[in-house]
Amino acid sequence: MGALLALVVSAAWAQSKPHAHHKAHAHGQGELELAIEQGRLQGTLRVPMESLLGFEHAPKTDAQRAQVAALRKLLEDPSNLVAPPGAAACQVTKGVAQSSMFTGAVKGGHSELDYVFGWDCVKPDQLTSLGLPVFASHKRLKQLEVSLVVDGRQSALRRSPKATSIPLR
């Protein structure tokens, strides 16, 4: 469970020191951290809200409020953004989304999504890759920097709308 502990510690540290450990806010770009160990898949996603909604100020119109509500609904299932293969028989254990846009506390014209999610997988040997449907549903997102820990092995890669799969083996 070392990789999962490291991910949890990283997330806790990130909340105590906002934006200190990851790259500057850049539209069209995001960061995805994933850890897989003993059938448990956990992750965090950080993306500017502009990349998901086309705006990052507090919603001003009914149409913008509807977009925010639709995003919140989408975030109820992390498989809408990061998808494990069906053969792995994964069950969602967590999907927690935070953003100043959700609370109405947008300051300085910038808002980000901080999303923590996870699954427990019955057949972890079937976790051979992950899909990234987030690119299909959010056309403004152009790039994800991915940090990956699989059974204690670390790697990093970049994904885009032209490369929407993360190999795990």
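1. Let's start with two cysteines: Cys90 is buried, and Cys121 is buried too. Here, buried means under 20% relative accessible area, while exposed means over 50% and partly exposed lies in between (1.4 Å probe, protein chains only). This is a predicted model, in which local features need pLDDT of at least 70 and side-chain atom pairs count only at pLDDT 80 or more, whereas totals for chains, interfaces and linings use all residues. Residues are numbered from 1 along each chain as its sequence is written, and side-chain values use heavy atoms, with hydrogens and water left out.

2. What joins Cys90 to Cys121? A disulfide does, with an S to S distance of 2.0 Å; the term stands for a pair of cysteine sulfur atoms within 2.5 Å. The structure holds one disulfide. The link of Cys90 and Cys121 is right-handed, with 105° about the S-S bond. This pair links distant parts of the chain, 31 residues apart: Cys90 sits in strand E3 (residues 90–98) and Cys121 in strand E4 (residues 112–121).

3. Now step back to the whole chain. The protein has five helices and eight strands. Both kinds of element are DSSP runs numbered from the N terminus: helices (H or I) have at least four residues, strands (E) at least two. Read from the N terminus on, the order is α-β-β-α-α-β-α-β-β-α-β-β-β. Of the 169 residues in the protein, 41% are buried. The protein exposes about 8600 Å², and carbon and sulfur atoms supply 54% of that area; such areas come from the Shrake-Rupley method with a 1.4 Å probe, and for residues only the protein chains shown count as cover.

4. Strand E2 (40–48) deserves a look. Eight of the nine residues of E2 are buried, so this strand is largely enclosed by the rest of the structure. E2 pairs with E1 in the antiparallel sense over seven bridges, and with E4, also antiparallel, over nine bridges. Two strands count as paired if DSSP finds at least two bridges between them. Glu33 has Thr44 in E2 as its bridge partner, and Pro48 stands opposite Glu112 in E4. E1 and E2 form a hairpin with two residues between them, and Gln38 in the turn has a positive phi of about 50°.

5. Which residues have the most contacts inside the largest nonpolar core? They are Leu32, Leu34, Leu144 and Ile166, in a core of 37 residues. A nonpolar core is a set of buried Ala, Val, Leu, Ile, Met, Phe, Trp, Tyr and Cys residues joined through side-chain atoms within 4.5 Å. Elements giving two or more residues to this core include E1, E2, helix H3 (62–74) and strand E6 (143–150). E4 provides the largest share, five residues. In soluble globular proteins, nonpolar side chains tend to be buried together.

6. Finally, zoom in on Leu32, which lies in strand E1 (residues 29–37). Leu32 is buried, with a relative accessible area of 0%. Not counting residues up to four places away in sequence, Leu32 touches several residues, among them Thr44, Phe117, Leu144 and Ile166; a contact means heavy atoms within 4.5 Å. Leu32 and Ser147 are 115 residues apart in sequence, yet 6.3 Å apart in space, C-alpha to C-alpha.
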